Each structure stands twice: as C-alpha cells, then as structure tokens.
Amino acid sequence: MSRGYGEPHLDRKPLIALVDRANRAMQTDMVRRAHADGHAEVKMAHNAVFGTLHAEGARAAEMAVRAGITRQSMGEIVREMVGLDLLEMQSDPADRRAKVVRYSEHGLAVASDGFRYLGQLERRFAEEFGEQEYEIARDVLARLVDVLDRVSAEHEAQISSSAGGKVG
C-alpha cells in the first residue's frame, strides 16, 4: 500500500520542521554571541533588521517584505532599535515624506560583529560538511525559496483571477 502525500511520514521530521529548527538555532546563536560580545541590548526580534538592512539603508516597508513580516511589526522593531541607538531614521532624499532606516555608529559596530561571526559560522559549516556539500545545501535552500515564491505568486494570481470573475 503506497503512502499518499497528505499522510505523515513518521520515520522523519517534515522539511518545514527541519528548516524552522535550523533557523531558530542560528538566530538564537547569533543573539547569544551578540550578548557574549557585550551587546546585551540585542534581542531575537532584531534579527529581522540585521538580516534585511543594507549598508546604504532601506525603508522599513521594504525590510518587512524581505523579512516576511508585517510593516507594523517591522516598524515596532525599528522604533525599539532606534531607542537602543542601534538605528537612525532619516528623511528619504527621493521622497521627503518617507524615512530611511540606517545603522547608527553603535549599530554598525554591533552588526559588523554579527556579520563577522556569521562568516565564522559559515566557514565552520563548510568545514563540517565539506565545501561542496555546504554549497549544495545553500543552493538547495535558495532554490526552495524560489519555488515557494513562485507557488505564492501563482496562488495570488489564482485568488485575483477568481475574485475578478465574481459579480457582487
């Protein structure tokens, strides 16, 4: 008897559980390391900013999209980090009504420490798995994201087309 796709595979963890666990473990480790480096103000939620803020700055709404969280959530995190002197908000030269989020001098030091540590982790992963296997893992994860982005876009298109066909 064959097993259908909707049935659980009790012999292994679902891919989503593995990816989620790896993500949480890395984020927890990054915060732990920030604290060890003397940056006790860093919280887990701040990873959404550190993972999406470019050196030249960005609008909070753009960062929210990249982080996969709501604009409101990103706004709360940004305001908190401004209060901790990790970030600054400045008028966007392209649109004076909008604000651009940038690292403060202190925030840049914290982020630099974090990215340096992330580089160490990546080197450790490459040593642990072998350079080729690690690159394959990175490639597979990037491809999974691409596939899921396409699935999401297809789903949105289906919703739009079915909503457009309804007469109210």
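## Tyr103 and the aromatic pairs

Tyr103 is buried, with a relative accessibility of 13%; buried means under 20% relative accessible area, exposed over 50%, and partly exposed in between (1.4 Å probe, protein chains only). This is a predicted model, in which local features need pLDDT of at least 70 and side-chain atom pairs count only at pLDDT 80 or more, while totals for chains, interfaces and linings use all residues. Residues are numbered from 1 along each chain as its sequence is written, and side-chain values use heavy atoms, with hydrogens and water left out.

The structure holds two aromatic pairs. Rings of Phe, Tyr and Trp (its six-membered ring) pair if their centres lie within 6.5 Å; planes under 30 degrees apart count as stacked, over 60 as edge-to-face and the rest as tilted. Phe50 and Tyr103 form a stacked pair, at 6.1 Å centre to centre and with 15° between the planes. This pair links distant parts of the chain, since Phe50 lies in helix α2 and Tyr103 in strand β2, 53 residues apart. Phe50 is buried, at 11% relative accessible area. The rings of Phe125 and Tyr134 have centres 5.9 Å apart and planes at 50°, so this pair is tilted. Phe125 is partly exposed at 23%, whereas Tyr134 is buried at 10%.

## Overall architecture

The protein has six helices and two strands, arranged along the sequence in the pattern α-α-α-α-β-β-α-α. Helices (H or I, at least four residues) and strands (E, at least two) are DSSP runs, numbered from the N terminus. The radius of gyration is 20 Å, well over the 15 Å that the globule rule gives for 168 residues, so the protein is more spread out than a compact globule. This radius is taken over C-alpha atoms, and the rule is 2.2 Å times the number of residues to the power 0.38. Along its principal axes, the C-alpha trace spans about 60 × 55 × 25 Å. Buried residues make up 23% of the 168 residues.

## The nonpolar core

In soluble globular proteins, nonpolar side chains tend to be buried together. Here the largest nonpolar core has 20 residues, and those with the most contacts inside it are Val49, Leu53, Met63 and Leu87. Such a core is a set of buried Ala, Val, Leu, Ile, Met, Phe, Trp, Tyr and Cys residues joined through side-chain atoms within 4.5 Å. The largest share of this core, four residues, comes from α4.

Met63 touches Val49, Thr52, Leu53, Ala58, Met74, Val78 and Val101, not counting residues up to four places away in sequence; contact means heavy atoms within 4.5 Å.

## Salt bridges

The structure holds ten salt bridges, each being a side-chain nitrogen of Lys or Arg within 4 Å of a carboxyl oxygen of Asp or Glu. One of them joins Glu80 and Lys43 (2.6 Å, N to O). Glu80 belongs to helix α4 and Lys43 to the loop between α1 and α2, 37 residues apart. Both are partly exposed, Glu80 at 28% and Lys43 at 43%.

Arg143 and Asp139 also form a salt bridge, with their closest N and O atoms 3.3 Å apart. These two residues are four places apart in helix α6 (residues 131-164), and are therefore separated by about one helical turn. Salt bridges that share partners join Arg59, Asp92, Asp95 and Arg97 into one network.
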